[in-house]
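Here are my quick notes on the charged pairs. Have the structure open next to you while you go through them.

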Amino acid sequence: MMTSQNHNILEGDLLSILPTLPDHHFDAVLCDPPYHLTQNSRGGSKRKGKPGTISGRLALGTDKGFMGKTWDGGDVAFRTETWEAVMRVMKPGAYLMAFGGSRTFHRLAVAMEDAGFILVDILMWLYGSGFPKSTNISKAIDRKMGNKRETTGVRKHPTLKNTDLLEESANAAHGGNSWRREWELTAPVCPKSEAFSGYGTALKPAYEPILLCRKPGKKTYAENVLKWGCGALNIDGAGSLWMGKHCPVVQDGNYHISETVSRIRAWRITVIRLHRMAAGPPT
């Protein structure tokens, strides 16, 4: 346990630590549980499906997950008892925010609802640094037919082409996998591969959902806040927003279009966006 003047950090298995804490202990919870992703190509593993098992569910509950890592394996985030244990230590009415994977967050949401949480909303964290895990169909066709493609050029990695530091950071963050700084561009060989030039199997990832849930509390929000000191969102305390030129604005009861870029007090929205996106900075 790490202790400072204002907080304690308990390190260990959540299901082992939570039983040692009292009921109604926390005012809020922010967590990033395992997404339980499975990819055979990255060292993940699939469980053996029972007869009649839907194929899309075969990869759930395996021993390895993201990039073949065991910490993302299993199904702890999809278990109802996990969130029952979390809810017990939360004060009535307290809010919980949990990050999820774009392909698996629905199971996270079901587990939370089954544990008794109220699903209030879903926030979206938007970013421009994602990289698509896509199969080049044209190349796959030529490879299947035994064709040798002609090299037409070289493409550099969009983020790793400048510094060794970025490459080292990326490798460290993704389990020591080797990231290529550049790769060859090739041309289709036959009409069949030409017909599917530009086709792939995945889109560029650009968001992660954040589940906003609430533990049931008193009959009214006011009663809950007075009793437990939590159960409401500090909207004004979240700060201000940049308002772009030509955006609709209501000021002094009148609706008009803004003429300048300015920072104003605005109601919080359910989107969290990085300043640097693929489409450019805020305008």
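**Salt bridges**

1. There are three salt bridges in this structure, which is a predicted model. I'll take them one at a time.

2. Start with Asp23 and Arg88, which form a salt bridge with their closest N and O atoms 2.5 Å apart. Asp23 sits in the loop between helix H1 (14-17) and strand S3 (26-31), while Arg88 belongs to helix H2 (residues 80-88), so this pair ties together parts that are 65 residues apart in sequence. Both ends are partly exposed: Asp23 has a relative accessible area of 45%, and Arg88 comes in at 28%.

3. Next up is Asp27 with Lys91, another salt bridge, where the closest N and O atoms are 3.2 Å apart. Here the partners are in strands: Asp27 is in S3 and Lys91 in S4 (residues 90-99), so parts 64 residues apart in sequence get tied together.

4. Lys91 has 18% relative accessibility and counts as buried, because the cut-off for buried is under 20%.

5. Last, look at Arg149 and Asp142, whose side chains meet in a salt bridge at 2.7 Å, N to O. Arg149 and Asp142 are both buried.

Methods:
Residues numbered from 1 in each chain as written. Predicted model: local features only at pLDDT ≥ 70, side-chain atom pairs only at ≥ 80, totals over all residues. Heavy atoms only, no water. Salt bridge = Lys/Arg side-chain N within 4 Å of Asp/Glu carboxyl O. Helix = DSSP H or I, 4+ residues; strand = E, 2+ residues; numbered from the N terminus. Buried < 20%, exposed > 50% of the residue type's maximum accessible area, 1.4 Å probe, protein only.
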